Amino acid sequence: MTRATHRSAEEIGRTELGPRPLPPLGEPRTGRLPATADTVLSNGLRVIAARHGVVPMVELRLRIPFAGENPKHAARAEVLAETLLTGTERRSRVQMDTDLAAVGGDLNAVVDPERLSVYGNALATGLDTLLDVLADALTGAAYLDEEITGERGRLVERIAVARSQPRVIAREELQRHRYGDHPFVREVPEAEDVAAVTAEEVRALHPESVLPRGSVLVLVGDIDPEQTVATVERILGGWQSEHSARALPSLPVVRGGDVKLVHRPGAVQSQLRLSAQALPRTDPQYPALQIANLTFGGYFSSRLVENIREDKGYTYGAHSSFEFTPGNGTLLVDADTASEVTAAALLETRYELARLALVPPTQSEVESARQYAIGGLLTSTASQSGMASTLVALAVAGLTQEWLVEHPERLREVTVEQVAEAAKRLAPTSFTGVVVGDADLLADQLRLLGGVVLP
């Protein structure tokens, strides 16, 4: 009887002369554009339909600009989003769910200070039903008193819990520090404001703000793009208004300055949040800045992660990322640390920002970040869901689907010198931010560090 022999991965990776060398990384494959139709309907709704993949599904993304100046707008918008899909003049809540389930479908709605988003999917053969249920909600949402009461109560409970979370507190403090009383700051409404929202206010908000003109609908899946656009025109053609959806007012420029210490009594951890003005995706210098940011803290092999996580153990995770709004881009740096090392973590973060500007990324660092950026984009659009989310984000940014193949080429053309120049935007003096934690534990160390406004 012959016994099969098996070698472990460690054995396979070694030879008599030592570790087996790894083969070099191959060139990332070139992305291909899906067959796409992109048009604006007579009601002002922009529709992007793309054929992608062989899975017999279709992904839907609808973004409606949904800004409001009224301080109570955020609370009313949250209740509207929670109840938009709870029944219409034609369908009860149960009937909406039943019709969607019959085509393997699902629809959900969320809102933020910038937009109302409806997202979902269904079998490709059920696209008509998916769109019909959506059109029914957009043109005839009932907002019944009992639905408003029930969803409002659950929303109040969730908001009360959310507003006690350190990450939510830190985000709100950073938003106020960056933008003052701008509507973009109102991401999580006060629970008491939500509790005071009435059904009449929600019903009045819908025709004022749930508008097609200026909105974007993206459909991606096993579909014929041109036929899909015609289907959308037929089913959503009744969604009409002479007015345009309300876009978010332009954000003020984020200017560098002192970090603000926000007192959170009894906290054993601190939230470090820094921000600087960046560039929108449409800027010619954005590819170089993207690579510079990746080198600093944009992925696990970055300098910041190596320093305050791998080397010093100050945090489980440190991140640097872009935040985009129409025509604007900002950088966000975040890390959560124990109170006793908060000042040290802030010091090392500032050090790495300065080092990036003074000791620019090497050729090796640039190549690693470049490969990550190109591969990440290809991976993010490999699925129907990822492609749909990417296309709607590009549309809102004023970009077309051609960006998917043009941006990797721009990344490939970026030189080390261009990255070094872009890295100067990440100098410590460009950043401001907040530290949220127990001031009784943090104040003395942060005072010695300097550049921090104490409570």
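1. Start with the H10/H16 contact: Ala288, Leu289, Ile291 and Ala292 in H10 meet Gln418, Val419, Ala422 and Ala423 in H16, where contact means heavy atoms within 4.5 Å. By class, this contact has 7 nonpolar, 1 polar and no charged residues. The classes are simple: Ala, Val, Leu, Ile, Met, Phe, Trp, Tyr, Cys and Pro count as nonpolar, Asp, Glu, Lys and Arg as charged, and the others, Gly among them, as polar.

2. A word on what you're looking at: this is a predicted model, with local features needing pLDDT of at least 70 and side-chain atom pairs counting only at pLDDT 80 or more, while totals for chains, interfaces and linings use all residues. Residues are numbered from 1 along each chain as its sequence is written, and side-chain values use heavy atoms, with hydrogens and water left out. Helices (H or I, at least four residues) and strands (E, at least two) are DSSP runs, numbered from the N terminus.

3. Back to the geometry of that helix pair. H10 and helix H16 (residues 416-423) pack at about 75°, with their axes 8 Å apart. The two are therefore roughly perpendicular to each other. Axes here are lines fitted to C-alpha atoms, for helices over the stretch in contact, and angles run from 0 to 180 degrees between N-to-C directions. Under 35 degrees counts as roughly parallel, over 145 as roughly antiparallel, 65 to 115 as roughly perpendicular and the rest as oblique.

4. Now the sheet: it is open, has 6 strands with mixed pairing, and runs in the order S11-S12-S10-S13-S9-S14. Strand S11 (318-325) and strand S14 (452-453) are the edges, each with a single partner strand, so one side of each lacks a neighbour in the sheet. S10 and S12 pair in the antiparallel sense over 9 bridges; pairing requires that DSSP finds at least two bridges between the strands. Within S12, Thr337 has Ser270 standing opposite.

5. Two helices to check against the sheet. Helix H10 (residues 286-298) packs on it, touching S11 and S12, and its direction makes about 150° with that of S11. H12 also packs on the sheet, touching strand S9 (259-263), S10, S12, strand S13 (432-437) and S14, with a direction about 25° from that of S10.

6. Just after H11, Gly313 takes a positive phi of about 70°.

7. On charges, the whole structure holds 37 salt bridges, each a side-chain nitrogen of Lys or Arg within 4 Å of a carboxyl oxygen of Asp or Glu. Arg273 and Asp336 form one at 3.0 Å, N to O. Arg273 lies in strand S10 (residues 269-277) and Asp336 in strand S12 (residues 328-338), so the pair ties together parts 63 residues apart in sequence. Arg273 counts as buried at 12% relative accessibility, whereas Asp336 is partly exposed at 29%.

8. One more pair: Arg91 forms a salt bridge with Asp136, the closest N and O atoms being 2.9 Å apart. Both residues, Arg91 and Asp136, are buried.

Note on methods:
Buried < 20%, exposed > 50% of the residue type's maximum accessible area, 1.4 Å probe, protein only.
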